[in-house]
Structure formats: structure tokens, C-alpha cells
Amino acid sequence: MPTTKKRLNITLSADMKDAIYKAASRDKVPKATKAKELIRLALEIEEDMALGAIADQRLAQKGKHIPHHLAWK
């Protein structure tokens with residue numbers, strides 16, 4: 001039966017491979033699972049940085065700003 005999960009082939013440097021293998025061994029999870037977790041974490045960090053840049057641009061604009069306590073009412 002085909003899987004709904006997509007596969008991605010990547011080439012790792014020896015240092016990156018060793019780090020993933022050690023982290024997977026330490027956490028007692030498969031290497032692919034650890035790699036997937038680390039990629040997900042990196043994507044979350046990238047998203048946070050992009051959203052932070054958008055927020056910084058908005059804060060730099062002149063104009064009316066809504067106070068925090070009113071925005072979350």
C-alpha cells in the first residue's frame with residue numbers, strides 16, 4: 001500500500017550525519033525521526049525570524065498603533 005508521506009533524499013556531511021546519529025541514539029529514536037524533528041525545529045525558527053521581520057517593519061511605520069491590552073480584548 002502506498003504511503004501518504006513524502007520522501008526526500010538528502011546528502012549530509014560526515015559531521016552532520018554523526019550529529020544526527022548521536023542525537024538519535026541519545027533519544028532512542030530512529031535516525032530519520034530525529035532528522036525530521038530537527039528539520040521541523042529549523043523551519044519553526046525560520047518562520048519566527050520571518051514573522052519577527054514583518055513585525056519590526058510594522059513597528060517602524062508611522063501611524064496609529066493599538067495598545068496590547070486592547071488588541072487582545
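**Charges, fold and nonpolar patch**

A: In this predicted model, the 15 positive and 9 negative charges of the protein chain have mean positions 6 Å apart. Lys and Arg count as positive, Asp and Glu as negative, with His and the chain ends not counted; each charge is placed at NZ of Lys, CZ of Arg, CG of Asp or CD of Glu. Residues are numbered from 1 along each chain as its sequence is written, and side-chain values use heavy atoms, without hydrogens and water. Local features need pLDDT of at least 70 and side-chain atom pairs count only at pLDDT 80 or more, while totals for chains, interfaces and linings use all residues.

The protein chain has three helices and zero strands (DSSP runs of H or I, at least four residues, and of E, at least two, numbered from the N terminus). Its C-alpha trace spans about 55 × 35 × 20 Å along the principal axes.

The patch consists of Leu8, Ile10, Leu12, Met16, Ile39 and Leu43, with about 600 Å² of accessible area together (Shrake-Rupley method, 1.4 Å probe, only the protein chains shown counting as cover for residues). Patch residues have over 30% relative accessible area and no salt bridge; nonpolar side chains (Val, Leu, Ile, Met, Phe, Trp, Tyr) are joined within 5 Å, like charges within 9 Å. A salt bridge is a side-chain nitrogen of Lys or Arg within 4 Å of a carboxyl oxygen of Asp or Glu. Leucine 8 lies in the segment before helix 1 (14-27), and leucine 8 counts as exposed because its relative accessibility is 69%.

Conventions
Buried < 20%, exposed > 50% of the residue type's maximum accessible area, 1.4 Å probe, protein only.
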